[in-house]
Amino acid sequence: MKKIILLAAFLTASFHINAQVGIGTNLPTTDLEVVARTGLIANEYNGLTIPKVAVLPTAAAEIAPAGTLIYLTAVSGPNPIGFYYSTGTAYV
């Protein structure tokens, strides 16, 4: 009986599940798909808001994983306002 229970537990735990997330769509075609609406009301906009920071992180522990996108809202040292992405060791 123990062997059957262990086999059932192993088979149940070994299933791999994939999911897709859709925002504004019921049938996403990629891992994350965002579909804009065409009928907007006042003070409503299409787009994606990127995380905003006032100071660009420089310490190794503060740098996000490679590919992370941020928006710098104020001049930070020699870095002007704008978009930056992480290489894993620095922001570019």
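Q: Why does S86 count as buried in this predicted model?
A: Buried means under 20% relative accessible area. S86 has a relative accessibility of 2%, so S86 counts as buried. This residue is found in the segment after β5.

Q: What makes the approach of P65 to S86 a polar contact?
A: A polar contact requires N or O atoms within 3.5 Å. The distance from the backbone oxygen of P65 to a polar atom of the S86 side chain is 3.4 Å. Leaving aside neighbours within four places in sequence, S86 is also in contact with other residues, including I63, T68 and Y91.

Q: Why is the pair of Y71 and F83 called edge-to-face?
A: Ring centres must lie within 6.5 Å to pair, and planes over 60 degrees apart count as edge-to-face. The centres of these two rings are 4.9 Å apart and the planes stand at 65°, so the pair is edge-to-face. By this rule, the count is one aromatic pair.

Q: What parts does the pair of Y71 and F83 tie together?
A: Y71 belongs to strand β4 (residues 69-72) and F83 to strand β5 (residues 82-85), so the pair ties together parts twelve residues apart in sequence.

Q: Why is F83 called exposed, and why is Y71 called partly exposed?
A: Exposed means over 50% relative accessible area, buried under 20%, and partly exposed in between. F83 has 53%, so F83 is exposed. Y71 has 26%, so Y71 is partly exposed.

Q: Which residues line the largest pocket, and how do they divide?
A: Among the lining residues are I23, V34, R37, E44 and N46. The lining divides into six nonpolar, two polar and two charged residues. The volume of the largest pocket is about 150 Å³.

Terms used:
Residues are numbered from 1 along each chain as its sequence is written. This is a predicted model: local features need pLDDT of at least 70, side-chain atom pairs count only at pLDDT 80 or more; totals for chains, interfaces and linings use all residues. Side-chain values use heavy atoms; hydrogens and water are left out. Rings of Phe, Tyr and Trp (its six-membered ring) pair if their centres lie within 6.5 Å; planes under 30 degrees apart count as stacked, over 60 as edge-to-face and the rest as tilted. Helices (H or I, at least four residues) and strands (E, at least two) are DSSP runs, numbered from the N terminus. Buried means under 20% relative accessible area, exposed over 50%, partly exposed in between (1.4 Å probe, protein chains only). On a 1 Å grid over the protein atoms alone, a cavity is a set of points where a 1.4 Å probe fits but cannot get out, and a pocket is an open set with protein on both sides within 12 Å along at least five of seven lines; lining residues have an atom within 4 Å of a point. Grid points are joined across faces, edges and corners, and a volume is the space filled by probe spheres set on the points. Ala, Val, Leu, Ile, Met, Phe, Trp, Tyr, Cys and Pro count as nonpolar, Asp, Glu, Lys and Arg as charged, and the others, Gly among them, as polar. A polar contact is a pair of N or O atoms within 3.5 Å; within protein, one must be able to donate a hydrogen and the other to accept it, and residues adjacent in sequence count only if both atoms are side-chain atoms. Contact means heavy atoms within 4.5 Å.
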